[in-house]
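Let us walk through this structure one piece at a time.

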Amino acid sequence: MTSDRLRQLLPAFSLAVLLISVFYIQPRTMSYLGLNLLFNLAVPIALATIAQMLIIAVNDLDLSMGAFVSFVACVAATYLRDTPLLGVLILAGAIGVYALVGILIYVRNLPAIVVTLGMSFVWGGLAVLILPSPGGAAPDWARWLMKTKPPGIPMAIVASILIAGIAHFLVMRSSFGVVIRGVGGNERSVERAGWSILWVRAAAYASAGFFAVLAGILLVGLTTAADANIALRYTLLSIAGVILGGGEFTGGRVSPIGAVIGALTLTLAGSFLSFLRISSDWQIGAQGAILIIVLALRVLLNRSKQGAGD
Amino acid sequence: MPSEKSVIALDGARKHFGAVRALDGVDFHVAPGECIGLVGHNGAGKSTLVNILNGGLSLDEGTIRISGEPVDAYSVSRARQAGVRCVFQELSLCPNLTIVENVRIAHRDLGRSAWRKNAETLIRDQLGKVFPGHTIRTSELVGNLSIAERQMVEIAIAFLEISNPVKLVILDEPTSSLDAVLANKMLAYVRQFVAEGGAVVFISHILDEVLEIADRIFVMKDGKAVVDSTASKFDVASLVQAMGSVVRENERRDTTTNAGEVAIALRNGSLQAHRGEIVGLAGLSGHGQTDALVRLYLENTGDWRSHRNNQVAFVAGDRSVDGVLPLWSILRNMSLTLLPDLTRRFFVDVARERELGKLWRERIAIRTDDMQNDILSLSGGNQQKVLFARALASPAPVVLMDDPMRGVDVGTKQDVYSMLREEAGKGRTFIWYSTEMDEVRQCDRVYVFSEGAIAAEFAGEDVTEENIIRASFKEAAA
């Protein structure tokens, strides 16, 4: 029981350790502006992580996440700003395509990894068609949303808490989330109770598409311009975030709050290195090292739990 | 039986899986306020019948009536609407969800608002009704519960009534993980449920339990109903007799009970086989036979660190999961275990491999014109022959077989039987888990498994259907 608790606290613990180290090296980050700068870029990553988590909850994996967020960013920086109605229609259509991909994977019994890998080229190609060279401009409201300064707590923190809260309610509390996780845990028993697995999977993919769309729009709000390759790293970052946050690849075991914390931790790892004056080339390596350390701790905790159980 | 009153009535129900007649013209009527004990040995058609009743399978022929009304499109959701609930033999809850969340999955008619609170009260009350004095916390993850607790939760969920009234509950081995105290509590609840007008179909391998709870006994054999009458006419002995075949003569071959050297044994000494012997593992399916085979295999082969040795070969039962390599040719599938012997200076000796393939194709009559064809181009029976060849071509003196003849046609079976005889004559040892009585009777000696342990051992003339059924069905709860 105690190691169960410890396991749940592990993501928060690793974030705290990293944050304290950053504060120690560079005390000036311990301020409103500093925190906002540290966690600004984490907001779209957190949304993409939640999107990935919804796919992982039904035992699939989405390798098109980065390309899709890039595509959304390109749409947001062009159509959504110039002709908002068309922009909204395109994004709604994209969410529909996500649902269709979920249906296709279930009906034809295809491996999700292969289908989403294929889709990543589709999204990447569309993004290049929309924005052949970096450019465009963020819609003013998106920029305002990311630049706004609420009193007391920086926007990045407010947004992260909000995302975690909404995702927690949707996935852990609502009956929609229960059925999605049920499909991940034991698809047959959900089917035997008379639910349509097809629609549950379509809904999981559509909600993932929705969160990924939000990620793309807010990313443009931060960067103010877009590029077809702007978010390619998000595919692996989002998967790492889910796992770092206590989720597992199979069995419908996911944690939305953990996933947001995982995304924050991965973002912070980059800043941590720059404070240590280590080249940012090492960033991916450092993120990998953090992942390995946290997963190793998790294995140790699991082992001690089994030992206690026997 | 006045079928107008029936909760659910099947007439002339037929269901085929390929050549296998799982249900062969069965009439099955359940009246309100009735508890039916459904018994039969492996492959008798019990689980097919259950799956038809709960809407998981559709009939090839025959009619389903609910409260006297014929139903065309019977499905899982239609069955639930009609008040049919089922507790499956293998536990079927979502381990990653809490008990309350599992109630949400199982009961679509639970309202949308405040469902958590409602489900919590409902399941707590229901658990209290079926298992008074239980200590299960409803906020607990199902994965953290013991197997007995999971079964208790599943039973309580099945009896839970929200908006659709519960009319028929099918209990498939409900007491298999419960101790005697809990089992008695559940039986008392079933009795009360039936007294209040509910119907129950009760499946168990503990015959005393069935006779105690059931009003009517329905015995199946080979997809047919052989007995359908009141329970009071039966005792354990007559029930065992009803499950076995009456007419079939003892068509056993001569056994060679040579108590030669022990070829293989479990480390705890409970199971052993001599050189040249065919040893059968019998009993109801899922009572520990496969575990015993796997344990034998693991105890007699090295682990990943030590050097491989060719003492034991394994013929897998579930072809598609752990037998066949679907993308490989027939030849490659066959030569897999032999590759170390076929290897010369780091490369596979292709000419020798092909020669070997030709030899085995003739010896066991694999029906193909080219061993380079895809393995999936073969019928199931022929795929199985390839897997036999894989084991027999290896020099291993002991072959373990995990119910390898599932879904294999009779002709192939005869081929394999004679192949096994021949190989046993040469001094090979076979340990053969089978769910089919004909195959078990091919064995020199038989261990009957029940609840994960060996319940009985028969040799020679004692290997009879009646003995095996009597040993697999327990007479009283532990």
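Where is the place of Asp403(B) in chain B? Asp403(B) sits in the loop between strand S17 (398-402) and helix H15 (410-425). Helices (H or I, at least four residues) and strands (E, at least two) are DSSP runs, numbered from the N terminus.

This is a predicted model, in which local features need pLDDT of at least 70, side-chain atom pairs count only at pLDDT 80 or more, and totals for chains, interfaces and linings use all residues. Residues are numbered from 1 along each chain as its sequence is written, while chains are lettered from A and ligands numbered from 1 in the order in which they are written.

Asp403(B) has a positive phi of about 40°, although it is not a glycine. Most residues other than glycine have a negative phi. Asp403(B) counts as buried, with 21 C-beta neighbours inside 10 Å. Buried means 20 or more other C-beta atoms within 10 Å of a residue's own; exposed means 12 or fewer; partly exposed lies in between; C-beta atoms are placed from the backbone.

Ala114(B) also has a positive phi, near 55°. Its loop joins H3 and H4 of chain B. Ala114(B) is exposed, with 10 other C-beta atoms within 10 Å.

Now the whole chain. Chain B holds 17 helices and 20 strands. Its radius of gyration (taken over C-alpha atoms) is 25 Å, close to the 23 Å that the globule rule (2.2 Å times the number of residues to the power 0.38) gives for 478 residues, so chain B is as compact as a globular protein of that length. Buried residues make up 42% of the 478.

Next, helix H6 (residues 180-195) of chain B. Leu182(B), Ala183(B), Met186(B), Val190(B) and Val194(B) are buried there. They cover an arc of only 110° around the axis (from the directions from the helix axis to the C-beta atoms), which puts them on the same side of H6(B). On the other side, Val181(B), Gln192(B) and Ala195(B) are exposed. Just after H6(B), Gly197(B) takes a positive phi of about 105°.

Last, the contact between chains. It takes 17 residues from chain B and 18 residues from chain A. Two residues are in contact if their C-beta atoms, placed from the backbone, lie within 7 Å. Helix H2 (76-81) and helix H3 (99-106) of chain B each supply at least two residues of the side that touches chain A. H3(B) gives the most to that side, with four residues.
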